[in-house]
Amino acid sequence: MNVSVSPPALRSASRQLAPVDQVATLLLAMGKPAAGRLLKYFEPDEIKRITHSASRLGAVSPDQVDTVVESFAEEFAGGASLVGTVTEVEKLLTGLLPADQVADILADLRGNANRSVWERMATVSESVLASYLVKEHPQTAALILSKVKPAIAAKVMGHLPLPVRNTVMRRMLSFKPVVDDVMQAVERALHEDFLINGSRNSGADTHAKMADIINKMDRQQMDEALHSLADSRPKSVEILKGLLFTFDDIVKLAPRARTTLFDAVPNDRLVLALKGTEAEFRTVVLSALSARVRRMVEHELNGGEPAAQRDVMEARRSITDLAMDMAGRGEIEINPGGEDEALIR
């Protein structure tokens with residue numbers, strides 16, 4: 001179907017609608033089911049022209065609607081008006097066209113069509129991108145970090161385990177020209193993984209939100225949740241694992257970070273959280289305390305009464321939440337896989 005072919009000329013109207021505007025008016029007035037049967041016959045370029053028109057169409061008077069859809073005059077005899085907006089276009093296209101095509105069209109309407117994948121990657125959380133890159137080949141990770149903005153790359157580097165960080169930096173220094181096919185494949189993968197499949201939502205990362213929820217579950221519930229997601233969303237599970245931080249992960253913090261964390265934890269809460277822990281784990285935690293506080297905590301642990309498991313878990317969760325809050329404020333760095341991980345193996 002050629003959009004340039006004009007529908008019947010408008011009779012009396014307060015403003016003159018161009019041919020493409022008349023097509024947009026007709027489709028909006030028809031509604032989704034009927035419009036869907038027609039849209040599949042349009043070329044992609046024609047769909048873009050129509051959706052551009054529909055998004056800026058504004059208010060269309062009842063008389064104009066009646067004229068454009070005169071073959072359906074009885075349905076429009078009541079004189080219902082309509083308003084063409086980007087939102088209406090989104091409703092019209094959703095479910096009728098592939099999600100990536102709808103996303104491209106809407107981005108074009110909102111003025112984002114010329115933004116590259118690399119510019120749009122600036123909206124992705126640094127911690128999520130770091131968790132994603134850890135699972136990729138170091139050469140791929142190096143390529144991606146070389147293309148994003150330096151400020152973003154620096155923040156992502158801060159979230160990478162030290163061995164991975166060093167490997168990626170060495171590879172970035174020894175880059176050779178990348179062929180177009182490889183670059184396009186990387187861009188397509190990023191577009192699908194981050195910009196289409198919901199890795200972000202209204203500027204807030206959904207993986208980070210989900211990780212925050214899972215972090216507040218007990219260990220059994222956490223394992224069950226990740227196992228349930230693994231079948232349908234294996235890549236999301238890998239990203240989530242990189243974002244999760246549990247009480248067990250405290251021993252993976254750098255010694256200075258552990259000291260900073262436990263300086264802010266009341267002694268009675270720490271004693272409660274350490275009940276039932278392994279000796280190796282307890283040793284690592286106690287090493288972060290001052291000599292005086294350590295003696296007090298050890299005395300309480302050796303002579304104290306058993307505590308309810310619910311209270312122990314609540315104490316551990318409060319310390320974990322505190323660690324996440326401090327990391328969010330930049331007071332400590334949470335870096336899984338750190339130098340002390342071997343201490344608990």
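I began with helix α19 (residues 291–303), where Glu298 and Arg294 sit 4 residues apart and are therefore separated by about one helical turn. Helices here are DSSP runs of H or I, at least four residues long, and strands are runs of E, at least two, numbered from the N terminus. The model is predicted: local features need pLDDT of at least 70, side-chain atom pairs count only at pLDDT 80 or more, and totals for chains, interfaces and linings use all residues. Residues are numbered from 1 along each chain as its sequence is written, and side-chain values use heavy atoms, with hydrogens and water left out.

**Salt bridges**

I stayed with Glu298 and Arg294. They form a salt bridge, with the closest N and O atoms 3.3 Å apart. The rule I used asks for a side-chain nitrogen of Lys or Arg within 4 Å of a carboxyl oxygen of Asp or Glu. I looked up accessibility for both partners. Glu298 is partly exposed at 28% relative accessibility. Arg294 is partly exposed too, at 29%. For these classes, buried means under 20% relative accessible area, exposed means over 50%, and partly exposed lies in between (1.4 Å probe, protein chains only).

How many salt bridges does this rule give? The count is 4.

I went to Glu314 next. Glu314 pairs with Arg317, and the closest N and O atoms are 3.6 Å apart. Both residues belong to helix α20 (residues 309–328); they are 3 residues apart, so about one helical turn separates them. Glu314 is partly exposed at 48%. Arg317 is partly exposed at 21%. I noted the background: an α-helix has 3.6 residues a turn, so residues three or four places apart point the same way.

Then I checked Lys135. Its salt-bridge partner is Glu238, with 3.4 Å between the closest N and O atoms. Which parts does this pair tie together? Lys135 is in the loop between α8 (126–134) and α9 (138–147), and Glu238 is in helix α15, so the bridge links parts 103 residues apart in sequence. Lys135 is partly exposed at 49% relative accessibility. Glu238 is partly exposed at 30%.

**Arg171**

I found Arg171 in helix α11 (residues 162–173). It is partly exposed, at 28% relative accessibility. What does Arg171 touch, leaving out residues up to four places away in sequence? I listed His137, Pro138, Gln139 and Ala142. A contact here means heavy atoms within 4.5 Å.

With Gln139 there is also a side-chain to side-chain polar contact at 2.9 Å. A polar contact is a pair of N or O atoms within 3.5 Å; within protein, one must be able to donate a hydrogen and the other to accept it, and residues adjacent in sequence count only if both atoms are side-chain atoms. I also took the C-alpha distance from Arg171 to Ala141. It is 9.2 Å, for residues 30 apart in sequence.

**Two threonines**

I placed Thr51 in helix α3 (residues 44–55). Thr51 is buried at 5% relative accessibility. A polar atom of its side chain lies 2.9 Å from the backbone oxygen of Ile47.

Thr246 is in the loop between α15 (234–243) and α16 (255–263). Is Thr246 buried or exposed? It is buried, with a relative accessible area of 9%. Not counting residues up to four places away in sequence, Thr246 touches Asn215, Arg219, Met222 and Thr320.

**Helix α17**

I looked at α17 (residues 267–274) for buried positions. Leu270, Val271, Ala273 and Leu274 are buried. Seen down the axis of α17, the buried residues fall within an arc of 165 degrees, so they line one face of the helix. The arc is that of the directions from the helix axis to the C-beta atoms. After α17 comes Gly276, with a positive phi near 85 degrees.

**Whole protein**

The secondary structure comes to 20 helices and 2 strands. Of the 345 residues, 38% are buried. Among contacts between residues at least 6 apart in sequence, 73% join residues at least 24 apart.
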